[in-house]
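Look through the sequence and the model first, then read the points below.

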Amino acid sequence: MKTIGLIGGMSWESSAEYYRIINETVKEKLGGLHSAKCIMYSLDFEEIEKLQHEGKWKEATGLMIDAAKRIEKGGADFILICTNTMHKMADEVQSNINIPLLHIADATAEKIISKGLKKVGLLGTKFTMEEDFYKGRLSKFGLDVIIPEEDEREIVHNIIYKELCLGEIKGSSKEKFKKIIENLVYKGAEGIILGCTEIPLLIKQEDSPVPLFDTTKIHAQSAVELSLNKF
């Protein structure tokens, strides 16, 4: 079993889901008292969130690289960034370490393709929905990615940062998400990517008329597959 490295804390609520899913998946596959070999370095999300919204991505990248190096020194065999948005600097992180980085968009794209889908809606922070670091990565797999309208993107972004990252789950926000999902389906989305690791805390499969792709679960389960197999 390889040792999984996790850059967490963005937010800690979703990082806890990573830890749970990874260990449940290892137990499911190996049985007995087996659990995952893993190392997590958890960042202070208050600091990260301020840098994000102030556009100080260079400083944020430095923190991510430092975390990755610490995890590598700790003995991890490969690394995961336990958030979608901070994959904005995934390439920089990878170039500064000597172990593989398992990209969340790659794992998600492979899962979507395995289901035979081509056109998908993307929900996440405004950074993830609007910038090319994520959509462009998905497009390389031949996927057609659509995003909500501008006002809907604002709603999704605010619910993520002002509620979900604080552990607040509101029924009214669930209804807003469900309407946004319906609108994406109307535009032709065959599936919906929950492209923020907090969204699955609010939205479940029964809330959508098309398949949902929980990036937290997909990424965590892909990590277990890599941990139990040779590179």
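Predicted model: local features only at pLDDT ≥ 70, side-chain atom pairs only at ≥ 80, totals over all residues.

Ser 11 sits in the loop that runs between strand S1 (4-8) and H1.

- The peptide bond between Met 10 and Ser 11 is cis, with omega at about 5°.
- As a general rule, most residues other than glycine have a negative phi, and most peptide bonds are trans.

**The protein as a whole**

- The protein contains 10 helices and 7 strands.
- Its radius of gyration is 17 Å, close to the 17 Å that the globule rule gives for 231 residues, so the protein is as compact as a globular protein of that length.
- The C-alpha trace spans about 45 × 40 × 35 Å along the principal axes of the protein.
- Of the 231 residues in the protein, 52% are buried.
- Among contacts with a separation of 6 or more, 75% are between residues 24 or more positions apart.

**The nonpolar core**

- In soluble globular proteins, nonpolar side chains tend to be buried together.
- The largest nonpolar core here has 77 residues, of which Ile 7 and Leu 123 touch the most other members.
- Helix H3 (residues 57-73) gives this core its largest share, 7 residues.
- Leu 123 belongs to strand S4 (residues 119-123).
- Leu 123 counts as buried because its relative accessibility is 0%, under the 20% limit.
- From Leu 123 to Phe 177 the sequence separation is 54 residues, while the C-alpha to C-alpha distance is 9.1 Å.

- Leu 122 and Val 93 are 29 residues apart along the chain, and their C-alpha atoms are separated by 24 Å.
- Thr 125 is placed in the loop between S4 and helix H6 (126-130).
- Thr 125 has a relative accessible area of 2% and is therefore buried.
- Not counting residues up to four places away in sequence, Thr 125 touches Thr 85, His 157, Ile 160, Tyr 161 and Cys 196.

**Helix H7**

- Helix H7 (residues 132-139) has Phe 133, Tyr 134, Lys 135, Gly 136 and Leu 138 as its buried residues.
- The elements that cover these buried residues include helix H5 (104-114), S4, H6, strand S5 (144-146), strand S6 (191-194) and helix H10 (215-228).

**Helix H1**

- An α-helix has 3.6 residues a turn, so residues three or four places apart point the same way.
- Ile 21 is a residue of helix H1, and Ile 21 is buried, with a relative accessible area of 8%.
- The contacts of Ile 21, not counting residues up to four places away in sequence, are Thr 216, Lys 217, Ala 220 and Gln 221.
- Between Ile 21 and Thr 216 there are 8.6 Å in space, C-alpha to C-alpha, for a separation of 195 residues in sequence.
- Thr 25 is found in helix H1 (residues 12-30), and at 8% relative accessibility Thr 25 counts as buried.
- Leaving aside neighbours within four places in sequence, Thr 25 is in contact with Gln 221 and Val 224.

**A partly exposed position**

- Asp 44 lies in the loop between strand S2 (38-42) and helix H2 (45-53).
- Asp 44 counts as partly exposed because its relative accessibility is 49%, which is between the 20% and 50% limits.
- The C-alpha atoms of Asp 44 and Ile 181 are 31 Å apart in space, and the two residues are 137 apart in sequence.

Conventions: Residues numbered from 1 in each chain as written. Heavy atoms only, no water. Helix = DSSP H or I, 4+ residues; strand = E, 2+ residues; numbered from the N terminus. Buried < 20%, exposed > 50% of the residue type's maximum accessible area, 1.4 Å probe, protein only. Rg over C-alpha atoms; globule rule 2.2 N^0.38 Å. Contact = heavy atoms within 4.5 Å. Core = buried A, V, L, I, M, F, W, Y, C linked by side-chain atoms within 4.5 Å.
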